[in-house]
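Q: Can you walk me through this one? I'd like the sheet and a helix pair.

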Amino acid sequence: MGTLTHKAARSAYGAAIDLALKHVNKDREKGLLQIVDLTERYMGDNFSTESYEAARRLIRNPENKWMKYVDRALDELDSHVIRQTALNLGYEAAFHGTKTIREMRKKYDCNIPWLILMDPTSACNLHCTGCWAAEYGNKLNLTYDELDSVITQGKELGIYFYMYTGGEPLIRKNDIIKLCEKHNDCAFHAFTNATLVDDAFCEEMKRVGNLSLSISLEGFEEVNDLRRGAGVYDKVMHAMDLLKKHGQIFGTSICYTSKNIETVTSDEFLDLIIEKGCRFTWYFHYMPVGNEAAVELLPTKEQREYMYHRVREIRSMEGGKPIYAMDFQNDGEFVGGCIAGGRNYCHINPNGDVEPCVFIHYSGANIREVSLLDALKQPLFMAYRDNQPFNNNHLRPCPMLENPEILQRMVKETGAKSTDLQSPESAEHLCGKCLEYAQNWKESADRIWEEHPYHREGYQNYKSGNK
């Protein structure tokens, strides 16, 4: 009965989305206001009343930066892609999935993630300098059946959002499209170097409608190709042109380091990727993972503070740029600190090891030996749950980078093993590289957090069960 009710509700939501999108094409303001009404009717208190009212005010202000952003997206994106995104990321993942996940967390007394990140393969068609994924070697793969099994088990727990990394996940693009087809109620997202994107793949993405991409980029041509290889920058630009032409949702995935931080946040760089059709940009702080990691690439405390303010400037309501910027390390305040260890997400490497985070290569469970639920109950994940948030200052969220003594302790107490198959790294060695950084950043982070409005209000959202 529950499944039937769910299917009927999805069908009704889909029909309402179709109607609203038709109205959007005739009278944009009226159609968008209908979508807000529809969202409020279905999502209810998933969002605050103030959020719905803010959305309505925004829609009634056509000159606002974000209204122009929405207008451009509606003009440029494929209608089937918009519909599938609203249904799968909106209705299934954000509404139905979140509700189910909250119930499952109580039922099984463990973290259940909102999304799972998987590596279909360790193989890659590029050989980028310092790439942590390459350390696994090029011979590991999760089979189609294994990927399918994780998704099938995940949906039972309420997980409807799946991301792929690698290696280069698009080496497995046929299997990825097959999974999009079979699980057409899920949202999928791949982190890719984009060199394997062609017209045929864009047509397949358009057909299924539930796959979006984050494209790796280090900066402009000279810096990017120095690390990724000659000609890669031009291939990325070409891939963006193809994706834009086919009405696809995509953005960039940028690792910021002490060397490129100013370039990848510059107006010039952002104007380029916006013009190419990027809707969002993920910024990832460089992590000194692996025995050969270059510690000198860690940003200074001044650079990290610059990043904190610059990302907020980019995505501000006025000014900045019409692109949604997210900073995995500096946006902890919006998700209550660290989201790893199954709290909001976890990572499955191409050997099947279930890791707390894409940057934390330790595990005590493998998907080939235990169920997904049992993997989420492994001692290391339970230690994450018991210790989160690792710091009440959400600008110091990570148990490795900002609280290195905690990761060392958790790995030791739980007996988790290094999952780096080429060159196993002890938690002591990994965390030792972060000690000086953590100490330096603490002073700046504590000062910023002390002045933060969330801090003054006693903001704390970890225990509230939000996704």
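A: Strands are DSSP runs of E with at least two residues, helices are runs of H or I with at least four, and both are numbered from the N terminus. This is a predicted model, where local features need pLDDT of at least 70, side-chain atom pairs count only at pLDDT 80 or more, and totals for chains, interfaces and linings use all residues. Residues are numbered from 1 along each chain as its sequence is written, and side-chain values use heavy atoms, leaving out hydrogens and water.

Q: Ok, β8. Which way do its residues point, and are they buried or exposed?
A: Y345 and H347 point one way from β8 (residues 345-348), C346 and I348 the other way. All are buried.

Q: What pairs with β8?
A: Strand β1 (residues 115-118) is joined to β8 by four bridges, and the two run parallel. L115 has Y345 as its bridge partner. β9 pairs with β8 in the antiparallel sense over two bridges, with H347 opposite E355. To count as paired, two strands need at least two bridges in DSSP.

Q: What's between β8 and β9?
A: Five residues, in a hairpin. G352 in the turn has a positive phi of about 95 degrees.

Q: What is the strand order of the sheet?
A: The order is β7-β6-β5-β4-β3-β2-β1-β8-β9, an open sheet of nine strands with mixed pairing. β7 (324-327) and β9 (354-355) are the edge strands, each pairing on one side only.

Q: How many bridges join β6 to β7?
A: Four, and the two strands run parallel. Y283 stands opposite D327 in β7.

Q: Switching to helices. At what angle do α12 and α17 pack?
A: About 40 degrees, with axes 9 Å apart, for α12 (residues 301-314) and α17 (residues 435-450). Axes are lines fitted to C-alpha atoms, for helices over the stretch in contact, and angles run from 0 to 180 degrees between N-to-C directions. The two helices are therefore oblique: under 35 degrees is roughly parallel, over 145 roughly antiparallel, 65 to 115 roughly perpendicular, and the rest oblique.

Q: Which α12 residues meet α17?
A: K301, R304, E305 and Y308. Their partners in α17 include W441, E443 and R447. Contact means heavy atoms within 4.5 Å.

Terms used. Buried means under 20% relative accessible area, exposed over 50%, partly exposed in between (1.4 Å probe, protein chains only).
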